[in-house]
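Please keep the sequence and the 3D view open while you read.

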Amino acid sequence: MRNPHEDSTQVQNQIRDGVFYNTVVQGNNVTLQLPDEITPALTGMPAPSSTFTGRETVLELLVEELRPGRRAAAGPLAHVVAGLPGAGKTELVLQVAHRASQQGWFPGGILFIDLHGYDGDRRVSPGRALGSLIQALGIPDRYVPDDLQDRARLYRSVLSTYAEQGRRILVIADNASDDSQARPLLSADSRIPVLVTSRHTLAGINNARMHDLAILDSASAVELLRRELCQARGPDDSRVEDAPESAEKIAHLCGHLPLALRIVAALLADLPARPLSSMLKSLSDARNRLQRLSRGDLAVRAAFDLSYRHLSDDQARFFRLLPISPGPDISTESAGRLADLSFEEAEELLGTLARGHLVEPHSNYGRWRMHDLLRLYADEECALREAAHERRRASSRLLDHYLTTATAADTHVDVDIDAAQRSPRFSDLDEALCWLDGERHSLLAAALAAPALGRPDVLAGLSNALISYLSWRRHWGEYAELAQAGLEASKSPKFPQLHPHQALFLNNLGIAQLELRRFDDAVRSTQACLKQARRVGDTGTTAIALSNLGRVYEEMHELEKAVDVLQEALTLPPPDSNFRNRGMTYTNLGRALHKLRRLDEAADAFTEDIAICQAAADLSGEAIARNNLGMVLRDVGLPGAAIDYHRRAMKRPVRPKTSTPLHWPEPTSQRTWSLPIAPRVWLTCSRPPLQPSKSWATAIWLHNAEFTSLMHTATRGGRRRPSQPSQNSWRKAGRQETKGRKAWSWGTWVTT
């Protein structure tokens with residue numbers, strides 16, 4: 001305010017621009033030294049790598065977020081890039097900062113600080129970080145307050161002042177370990193963006209957007225290896241181009257982790273004559289892989305150590321036990337059983353590990369996986385810190401859980417188990433199938449690993465519990481793998497308890513090979529099963545093997561052989577626990593006879609199967625047999641009767657059977673057996689024993705009925721287009737078929 005007594009000619013002055021952090025003194029002659037503009041060279045930001053590759057999408061997204069005027073007032077104040085150790089988080093933000101700087105978007109400069117959040121000795125506290133950044137902004141140390149909150153207020157005020165002056169600044173906070181370390185470094189001004197990197201997902205920071213950085217894809221990993229080698233040894237180093245398969249395998253063994261790939265490139269650069277095949281051999285031994293991935297101050301294990309030390313005792317134990325699971329991933333429930341914890345405890349620990357990127361949440365909620373190198377690291381820590389008996393107990397807990405639960409699920413999937421015997425563990429078929437779908441790969445891995453873990457009983461038990469499901473879902477490759485593993489174990493002198501199951505494994509292997517169209521292999525496996533059964537006098541298994549062998553011959557179009565072995569099977573009594581197998585054999589025989597145009601005999605065979613199905617209350621089997629008989633009647637020249645059988649097949653509801661003791665129907669045999677109904681029944685094209693299959697079974701029956709109707713019209717000399725009801729039937733069949741997994745021609749039985 002002007003003093004009226006002052007000379008009107010006195011010099012007036014104003015102070016503009018600059019940052020003022022204390023009392024301003026005005027006078028006739030005032031000289032102020034404004035702080036220089038911050039330049040990238042003064043920030044200590046490392047130079048970005050020229051070999052960067054594979055992150056184009058997230059790179060472009062982050063660069064676009066930094067564009068001037070792009071950030072609305074309600075937009076995020078910070079972007080947090082999180083990922084597992086060695087994933088390339090720091091390199092990504094350096095690339096982003098470099099591109100933005102080249103565009104001239106940050107004339108005030110770029111502030112970079114490494115918080116060393118996971119290194120206990122070098123960890124930078126928030127107060128110390130703020131002090132360093134304030135000094136970098138040109139504020140002398142003597143004006144920096146001691147209190148954390150005061151430092152934060154001064155820091156934000158200075159940043160806003162620079163923004164007001166058109167000197168926009170980018171802040172990079174690298175290696176923050178938690179929300180509290182990063183939060184004070186955020187600006188309150190939307191014009192001042194902050195990039196944060198962390199191994200943890202820092203979801204507790206307000207106004208921040210999370211970016212989880214995945215590992216590189218295979219092509220980008222190989223390209224990074226090539227670029228690193230060419231940078232170190234020049235463009236003439238063509239080892240990656242000369243051995244692309246070895247390069248791809250090396251990238252896979254490195255888990256596509258940028259840190260591991262850079263270490264491998266450095267090791268190769270040390271010895272320019274070393275071929276990639278040598279490095280591949282060196283890394284192939286999982287026991288020494290982490291040790292090999294080390295050079296100088298770069299080491300994958302050292303990077304993992306920093307995250308591991310950050311864990312509490314409970315978290316560390318849980319992390320160490322996870323690799324005991326043989327599967328590619330694990331559910332929350334299974335992880336709890338492994339560690340002997342409740343579901344809630346396991347869920348909390350898994351969430352903590354996931355925030356630190358020591359485990360990865362699966363795309364299917366409630367499942368988790370570990371990066372391959374982290375899995376090796378955790379396994380080494382487990383062997384070092386957990387007693388052998390504790391590891392065995394953990395493994396047995398998990399295997400017992402898989403076996404018990406899979407067996408419970410099978411009571412809902414196996415059509416030959418009646419409702420009274422279904423496990424209450426699952427409320428219905430859908431829930432059981434959902435669990436099996438989620439655990440499928442883990443169950444297979446557990447079964448295959450069980451013998452080496454001293455639990456051959458788990459291999460046998462899971463083989464029995466999973467074949468209904470694997471048949472139902474048509475996972476024939478896995479069906480064959482499980483049967484082959486069981487067969488090999490049953491031949492081993494280490495597992496005498498599996499020797500009696502050898503014929504069963506051979507039979508199952510033959511079924512899978514048949515479905516995989518490996519007919520010669522199927523013949524060999526089934527004949528070996530037949531030989532085993534005859535050697536011990538097992539007539540039930542002999543009958544089953546003959547029936548399946550006949551089915552293989554029929555698929556190979558060796559129809560006379562098929563008829564011979566199927567008729568031989570019918571001379572044997574059915575096994576006590578597989579009353580329905582005889583009916584299935586009749587259906588297989590009927591198919592072969594039908595193809596041989598021995599239509600009367602084929603009709604007799606299907607009629608016998610219908611009678612057996614009615615006695616066994618096997619409604620789905622009866623529907624298939626009626627459909628087959630309908631096609632025979634059509635070819636005999638009885639289209640009216642054929643249509644009737646097709647339509648009656650469609651009306652047969654699909655439902656589980658009861659286990660009431662039954663008697664063999666007299667027209668079929670002179671002998672009578674009193675048998676419980678508990679067969680293992682399979683269709684070569686996925687017999688529709690369960691409700692979800694009803695749609696595509698109905699589609700075929702509709703098709704057959706309509707086709708027979710049209711042929712009947714043609715044989716009578718008519719030349720009609722399909723009537724409206726006929727067209728509706730075809731459309732209905734199409735809709736039904738679309739619902740199902742795969743259409744099938746006519747029913748065919750394979751038994752185990």
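Is C382 buried or exposed? C382 is buried, because its relative accessible area is 0%; buried means under 20% relative accessible area, exposed over 50% and partly exposed in between, with a 1.4 Å probe and protein chains only. C230 counts as buried too, at 15% relative accessibility. A search of the whole structure finds 0 disulfides, a disulfide being a pair of cysteine sulfur atoms within 2.5 Å.

A word on the source: this is a predicted model, in which local features need pLDDT of at least 70 and side-chain atom pairs count only at pLDDT 80 or more, while totals for chains, interfaces and linings use all residues. Residues are numbered from 1 along each chain as its sequence is written, and side-chain values use heavy atoms, with hydrogens and water left out.

**The largest pocket**

The largest pocket holds about 950 Å³ of space. On a 1 Å grid over the protein atoms alone, a pocket is an open set of points with protein on both sides within 12 Å along at least five of seven lines, and lining residues have an atom within 4 Å of a point. Its volume is the space filled by probe spheres set on the points, which are joined across faces, edges and corners. There are 30 lining residues, with T90, N175, R199, L259 and L298 nearest the centre. Two or more residues each come from α3 (89-102), α10 (258-270), β7 (298-299) and α13 (300-308), and α3 gives the most, with 4 residues. Helices (H or I, at least four residues) and strands (E, at least two) are DSSP runs, numbered from the N terminus.

The lining of the largest pocket divides as follows:

| Class | Members | Lining residues |
|---|---|---|
| Nonpolar | Ala, Val, Leu, Ile, Met, Phe, Trp, Tyr, Cys, Pro | 13 residues |
| Polar | the others, Gly among them | 7 residues |

**Strands and a helix**

Strand β2 (residues 109-114) is largely enclosed by the rest of the structure, because 5 of its 6 residues are buried. β2 runs parallel to strand β3 (residues 169-174), joined by 6 bridges; two strands pair if DSSP finds at least two bridges between them. L111 has V171 as its bridge partner in β3.

An open sheet of 3 strands has the order β8-β10-β9, with antiparallel pairing. β8 (330-331) and β9 (360-361) each have a single partner strand, so one side of each is left without a neighbour in the sheet.

Finally, 14 of the 15 residues of helix α26 are buried.

Terms used: 1 Å grid on protein atoms, 1.4 Å probe; cavity = no way out; pocket = protein on both sides within 12 Å on 5 of 7 lines; lining within 4 Å.
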